[in-house]
Every structure is written in C-alpha cells, then in structure tokens.
Amino acid sequence: MVPMGRRRLPVVVLAALVLAAPVGAASSSLAKKLAKALAVPHVSQARTAALVFDLQTGTTVFSEHDRLSLAPASNEKLAVTYAALVALGPEFRIETDVVGRGELQGTTWKGSLLLVGHGDPLLSSANLVSLARQVRAAGITRVTGAVFGDESFFDNRRTAPGWKSWYYVNESPPLSALTVDHAIYRGRTSRNPALSAALMFRDALRRAGVAVGGAGLGVDRGDGVPLASVESPPLSTTLRYMDHASDNFTAELLLKQLGTLVATPGTTGAGAAYAAQTLADAGVPMAGVRIADGSGLSLLDRVTARELTAILRGAWSDAELRPVFVAALPVAGISGTLSDRMRRPPARGHVFAKTGTTDRASALSGFVRRRYVFSVLQNGNPVSTFWARRAQDRFATVLASQ
C-alpha cells in the first residue's frame, strides 16, 4: 500500500459554512419554486428533507426538515468519498502482493506462494496475469507447494451490519480483502473470494509457464520473500467508479480500508467510527447521523440534509479535493446513474450529484453549476421511486435555471 498523510479541513472554515444563515429564504421566489418542485404524490412531505446553499452569496436559500434523521440509500457513499480523500489522499493506491515461503533452487521454488490482498476492490484477472508474469520473470518455472490466498488484512465478515439477508450477493459480493473481478469465478459469484482468487492465480501461473500444485487459504506472517506486486488505480479513479456506478462493494471495502488506519484487520465498525470522526473533525454537523456501513444499504444508517450539504461544501472549499470530488459524481444526462435523468437543458451537464435508491429511501445530493450545493432526502415505507426522482429532478432543474 502507498499511504498518504491524513488531511483535515480546518474546522473554522467548514463550521462557518455550516452556520451561514438563510437570507429571505422563506419568502423568496426561488424558495417557492423549490418547495413546489418537491410536492409530488406518494412521497411524504413530513419525511422529506432538503437544503440548498448558494456558494456565491454564502447563504442558505432553501431548507426543509434539514435536521431530520433519515435513511440515506447510496448518499451514504458521499461520507465515504470525503473521509477517504481526507484520510488517504487522491493518489492513494492499494497493493496486492505475491510472497514466497521457502527458497529458490535453480528455477524451482521449494515451498509455497501467498497471494496477499489489501482490499483492492478493482483487483482483476488481468492483475493476476501481471503477477504471474513477474513470478516467471524472477526465474521461477516450478513451485513445489501450493498457492494460498491471504485475506487477513480485513476481518472475515462477508456483509455489513443492518443488511437485509438478500443483499448478500444480490447487492454486493462477499466482502474480503482479496477479491478478484468482484468475486466472479467461473461465471458465478464466489462465496469464498480469497480461495477463488488463489485458484485463479494458480491458473495464471500455469499459463505463464510456472508449474504449481494446489490452492488454499493462508496468512502471510511477514517472513516471506517478496516476489511480485501490483497496485490499484489511484483513489481518485476508484472513487469515480464507485460513485458513478454506485457500487456497494467498493464502498464497503473502502470503509474497511479506513478501519485499518485504526488497527488490522480492518472492520466495518472501525471504518465507520473513523469516517464519523473525520467528518466531525472537519466541522460537519453529526447530530442525527449514524454511519453503519459504506454503501447505504444498512437499515441502521442515518443522515441529515445538513450533514450531506456540509460534506459537499467542505469538499468544494478545499482546492485539492474539489476537482477529485466533483469528478467522482455522476453528471445529469451524461454519465453514471444520472445518464438517463435530466437529459435536457438547463440541467443536462450542469448537475453533478450522487443518487440513492432503496425501497425505503431516495436521495439526490450534489452541485448545480458552480453555484449551488443541494441535498434532497425522501423516505417512505416504501417510498415511490418514480415520484421521488421526479421531485429531485424538478428541484435540481429549478436550480439549474437560475
């Protein structure tokens, strides 16, 4: 892994943003248009929260139930995005290593190999090919022992707290520090991703001209010989993939990655606590907020519109983070989960926002042009996805028309 120093936004900067008072919000024409946009059938106004902050004037121009604690759906990923960038830095990369136990005699490795994962959510079979070729380039043509997959950098819990049982595999593959191709092995989602990774690496070695025996699970004790290594893309790229695709698996692994900054193995709980502390240290208002997982699938997650807009404003006010954070968000009518929404002017190409959808929550939070920060959260049992999105799109389009 390539660690970066932890970064913190000065509390006074973000606190000042959070405390900025509305100026005539209740009576303004814009506020009336925004309120009208939110009024749709089958979505409870009592369980709807929204907030808009004007970056040019430094004022809140609309607020409705902005302190209400609500389920976030995938807007939870905004907290992970911000906390990861602050704690790890945009250029942070995750290593996957091959370590040998034993010794090289001629072209034969007398011993076994360990494929050691450190939580790269984008680790691919192409990476395994690279690792296998590096082993062959080291002069090894035969391994007397087996290949072992090491996933001990994270705990062995395959799901996150508060998940519905059917989320397992259907919404995210099993969580593991060693997962290749999102745990797809021979066309199916593997329930044992580290073992599947070891089997895939064994096959890659054989294709590279290295004879090797079986495959299993193991743990690197730190006494092996480094033989090969690959790195993930920079964190900025990983976050862009996560937020554009709203990928739950990537969010969960990044949260466990944050947990390793406290202790190993990394856990969801440790990562959640670290992320919450990072937000609090930056002055984000945490009343009514509960981070239980990274994806927003957990029934235990809670956010407020105040929290989400504070995260967005904090990222915007940081010259280093701003371009990376904004680039991670889908663009209305163009990319990611917003590619088929707001496809016409004035919103198209001018709304950069994170979506969120479950059966009980719908959300949209982000930026409009370079002027507005906004958040819309809607809950229900269930919430109407169609009408919730209709309200969100109308809300953002009103802002884009200003």
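**View 1. Helix α3 passes helix α8 in a left-handed crossing.** A crossing is left-handed if the near helix is turned anticlockwise from the far one by less than a right angle, and right-handed if clockwise. The model is predicted: local features need pLDDT of at least 70, side-chain atom pairs count only at pLDDT 80 or more, and totals for chains, interfaces and linings use all residues. Residue numbers start from 1 along each chain as its sequence is written, and side-chain values use heavy atoms, with hydrogens and water left out.

**View 2. The axes of α3 (residues 77-88) and α8 (residues 248-259) come within 10 Å and cross at roughly 40 degrees.** Axes are lines fitted to C-alpha atoms, for helices over the stretch in contact, and angles run from 0 to 180 degrees between N-to-C directions. Helices (H or I, at least four residues) and strands (E, at least two) are DSSP runs, numbered from the N terminus. The two helices, α3 and α8, are therefore oblique to each other; angles under 35 degrees count as roughly parallel, over 145 as roughly antiparallel, 65 to 115 as roughly perpendicular and the rest as oblique.

**View 3. An open sheet is formed by five strands in the order β2-β1-β13-β12-β11, with antiparallel pairing.** Two strands pair if DSSP finds at least two bridges between them. At the edges stand β2 (59-64) and β11 (351-357), each with a single partner strand, so one side of each is left without a neighbour in the sheet.
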